[in-house]
Every structure is written in C-alpha cells, then in structure tokens.
Amino acid sequence: MPPKKTSRPAVHVANETAAKWHDRLHYFETRQDEMVRTIREFVEIESPSDNKLAADRMGALLAGRFQTIGGGARIHRAEEFGDSIEITFPARAKTKPVLLLGHFDTVYPMGTLAKMPCHAADGRLHGPGVLDMKSGVALMFYAIQALQAWHGGLPQPIIVFLVSDEEVGSYSSRHITERLARESAAVFVMEPAAGLRGAVKTARKGVGDYTLTVKGVAAHAGLDPGKGHSAILELARQINAVSKFSDLKKGLSVNPGVIRGGTRTNVVAAEATVEIDVRIKRASQAAALDRKFRRVKPFDKHCKLSVEGGINRLPMERNAGVIALYKKARLIAQQIDWTLEEAAVGGGSDGNFTAGIGIPTLDGMGGVGEGAHAVHEHIVISELPRRALLLAGMIEGA
Ligand SMILES: [Zn+2]
C-alpha cells in the first residue's frame with residue numbers, strides 16, 4: 001500500500017516562511033558594520049548638485065562599485081550637472097526589470113564635511129547626505145548582493161539609476177528616469193523613510209516654482225516722488241494676491257519664499273522679484289493654478305509683470321499600483337514582526353515622475369533618520385538590516 005500523502009499543517013509552513021525571513025534578516029545584521037563603512041565612504045566624498053567635478057567623482061566611484069557585483073554601467077553625460085549613472089543587472093528570467101531609483105547629489109556645498117564630519121554616535125551615523133540619500137544608494141548595493149547570494153543569481157533583472165541633479169529639479173536626468181521607468185515593472189525610490197518609525201511613502205505632493213517680476217518706473221524719492229511707480233509696492237500687493245491662491249484644505253499651498261528688489265532707499269524701485277514655491281496634492285490642480293499665475297494683472301497700470309516657471313513634479317498619487325506595492329511590502333515586513341506604515345508627504349522626489357507616468361512606485365525605501373538637508377542629518381544604524389531586507393524582498397516579488 002502506498003504511504004498516505006500527508007500535507008503539512010499550514011501553521012508549520014507559515015513558521016517555516018517566517019524562519020526564512022528571520023534568517024535573511026540575520027544575513028543583513030551580520031553585514032551591518034560593513035554597510036556602515038560603505039555609507040561612510042559615500043558620505044565622505046562630497047557631491048553637491050552644483051559641482052560637476054565633485055559629483056562626477058562620486059558617480060564614477062558608484063559605477064565602479066556596482067560593477068564589482070556584476071552590473072553593467074552606462075554613463076549618461078550631462079553638461080551642467082554631474083553625469084547620471086545607469087547600471088543594469090541581467091537575470092535568467094526575461095521579465096521586465098525592476099527600477100531602483102536614487103540620487104547621489106546633496107544640498108551641501110563643498111567644504112561642508114569639514115564642519116559636519118561623518119561620525120557615529122549613540123547608534124546613529126551623522127553626515128551631509130547620509131540620510132538623503134547615500135544610505136539609500138548603499139542599501140541598493142547590499143540588497144542586490146544578497147539576492148545574488150540567496151539565489152545564485154538574480155531572480156529579476158534590475159536597473160539601478162543614480163541621478164546627479166535631483167536636489168535641483170532633475171532637469172538633466174528626468175527624461176532618462178521616465179524612459180527607464182516605462183521599461184520597468186515597478187520602481188523603488190531610495191529616498192529616506194518618513195519619520196523615525198520608517199514609514200514608506202505612498203503619496204507625495206507635486207512641486208513647482210514661479211518667479212514673478214515687476215518692472216516699475218524709477219524716480220528720485222526726494223525730488224520726484226510722484227513720478228515713480230514703485231516695483232516694490234506693486235510686488236507687495238502681488239505677493240498678497242498670489243498667497244491667496246493657497247487652499248490648504250485641498251492640499252494646495254503657495255509660498256513666496258524669496259524677494260529681491262530696489263537699489264537704494266532714495267530711489268523709487270524700478271524692479272522687484274519674488275520666487276514662489278507651490279505644492280499640489282492632485283495632478284488635476286496643476287492647470288488651474290498655472291492659469292492663475294499666468295493671468296496676474298498689475299494693480300498699478302504703470303508697472304509691468306512677467307511670470308516664469310511652472311509645476312516641475314506632478315503629485316505622486318496613492319493609486320492602485322502604489323497600494324499594491326505597499327501591501328506587498330507590509331506582508332514582507334510582517335514576516336519579521338514589523339508593522340510597516342505608510343505616509344503621505346509634502347516633498348517631491350523623482351518618484352513623482354515615475355508615478356506620474358503610471359508606473360507602480362514605492363518611495364521612502366531608503367534609510368531611517370532625521371534632519372535631511374540640516375546640520376543634524378543622520379540615520380539610525382540599527383534600521384539598516386531590515387531596510388535592506390525589505391528592498392531585497394520587494395525586488396524578488398516584483
Ligand atoms: Zn533625496
């Protein structure tokens with residue numbers, strides 16, 4: 001008589017799966033110090049967006065590093081900014097690749113490292129760009145390496161795209177990001193997680209900027225005060241008017257952030273300018289807001305207005321593709337008893353571009369910490385292993 005088929009009880013299988021994920025977490029825990037060393041190495045190469053020479057040094061190092069684990073690097077030359085780096089990892093399966101999106105430029109000018117050295121203290125690693133997002137770039141490296149070790153090769157083709165001008169609007173890299181995203185099944189953006197609980201980002205506001213310039217009529221403030229038409233006075237009224245475009249309940253905000261104008265106190269100002277940051281929650285808000293800016297009229301008929309700029313990044317909306325990725329991420333996290341939260345944030349990233357063209361995107365997959373763009377920027381070191389695990393799991397399941 002043939003032996004009776006026995007199916008293992010479901011709870012046993014579940015325990016086995018959880019054990020596999022705990023083993024994988026352990027794999028990354030044993031590499032935590034190595035990850036920290038790598039991140040420190042990346043942070044100690046300064047790479048401000050506006051310094052091509054410095055950014056290119058960083059890009060070349062990263063290209064070389066990913067080549068050591070089998071990536072094929074392609075350099076996308078840029079004139080004004082650093083070259084962007086595309087690294088492809090083939091796989092046995094001929095499926096669509098997964099796009100890992102990152103940037104290696106930082107907001108810190110050259111020389112910041114001297115005042116803000118990379119150092120570890122109280123379980124945190126501090127330094128310019130450590131959170132945004134050199135740790136995110138390192139996480140990509142370790143997740144890919146782990147998948148190769150676990151599977152004896154990659155289960156999915158991967159494209160790593162490292163941008164050099166994200167912090168200044170991604171003008172040189174945007175078209176490449178969008179092209180690579182169109183070829184990909186999913187996009188994981190290695191921007192910092194939201195808050196110290198490490199939430200992934202499932203929605204981002206859209207971002208734009210406008211420059212409103214007033215040309216008035218100059219006059220001597222003492223001799224001919226009545227003859228002048230002050231660009232500053234006109235600008236003040238315009239600032240008041242455009243501020244009212246804000247609709248905070250609908251997630252739309254308009255912030256006049258920088259003003260300039262005038263030459264001397266005894267001259268009626270001939271010119272004045274305001275630079276305005278705008279945020280929108282829905283793509284559908286973009287056109288109406290833009291129309292309002294284009295239609296501004298002078299209060300003083302002798303003043304001339306001109307408006308430049310527009311919406312740069314449309315919102316990353318929490319659509320079905322985003323939700324599906326988040327659900328997958330939450331299931332992976334559950335395997336190691338981690339409740340992974342999601343967050344909607346006001347800042348934009350290159351994830352806005354990829355989500356904007358309809359490619360499933362999950363953002364905030366990078367390091368956990370605080371102080372992005374600030375003197376106290378740091379990551380929490382002990383969070384690195386599970387961030388790497390989450391990324392590896394997401395690539396595997398994409
Ligand atoms: Zn960033």
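This is a predicted model: local features need pLDDT of at least 70, side-chain atom pairs count only at pLDDT 80 or more; totals for chains, interfaces and linings use all residues.
Local features need pLDDT of at least 70 and side-chain atom pairs count only at pLDDT 80 or more, while totals for chains, interfaces and linings use all residues. Residues are numbered from 1 along each chain as its sequence is written, and side-chain values use heavy atoms, with hydrogens and water left out.

Reader: Which protein atoms are the donors of the zinc ion, and how far from it do they lie?
Author: Donors are N, O and S atoms within 2.8 Å of the metal (3.2 Å for Na, K and Ca); water is not among the atoms, so sites may look incomplete. The protein donors here are His-103 (NE2), Asp-132 (OD), Glu-191 (OE) and Glu-191 (OE), at 1.8 to 2.6 Å.

Reader: What is the geometry of the site of the zinc ion?
Author: Four donors count as tetrahedral if all angles lie between 85 and 135 degrees; four count as square planar and six as octahedral if opposite donors are over 155 degrees apart and all others between 65 and 115; anything else is irregular. The angles among the 4 donor atoms run from 54 to 142°, and the site is irregular.

Reader: How many residues apart in sequence are the parts tied together by His-103 and Asp-132?
Author: The donor residues of the zinc ion follow the spacing H-x28-D-x58-E. His-103 lies in strand S3 (residues 98–103) and Asp-132 in helix H5, so the parts that the pair ties together are apart in sequence by 29 residues. Helices (H or I, at least four residues) and strands (E, at least two) are DSSP runs, numbered from the N terminus.

Reader: Which peptide bond is cis?
Author: Most peptide bonds are trans. Met-133 lies in helix H5. With omega near -10°, the cis bond is the one from Asp-132 to Met-133.

Reader: How are H2 and H11 oriented to each other?
Author: Axes are lines fitted to C-alpha atoms, for helices over the stretch in contact, and angles run from 0 to 180 degrees between N-to-C directions. Helix H2 (residues 32–43) packs on H11 at about 90°, with the axes 10 Å apart. Angles under 35 degrees count as roughly parallel, over 145 as roughly antiparallel, 65 to 115 as roughly perpendicular and the rest as oblique. H2 and H11 are therefore roughly perpendicular.

Reader: Where is Asp-122, the residue with a positive phi?
Author: Most residues other than glycine have a negative phi. Asp-122 is not a glycine, yet its phi is about 50°. Asp-122 is found in the loop between strand S4 (119–121) and strand S5 (124–126).
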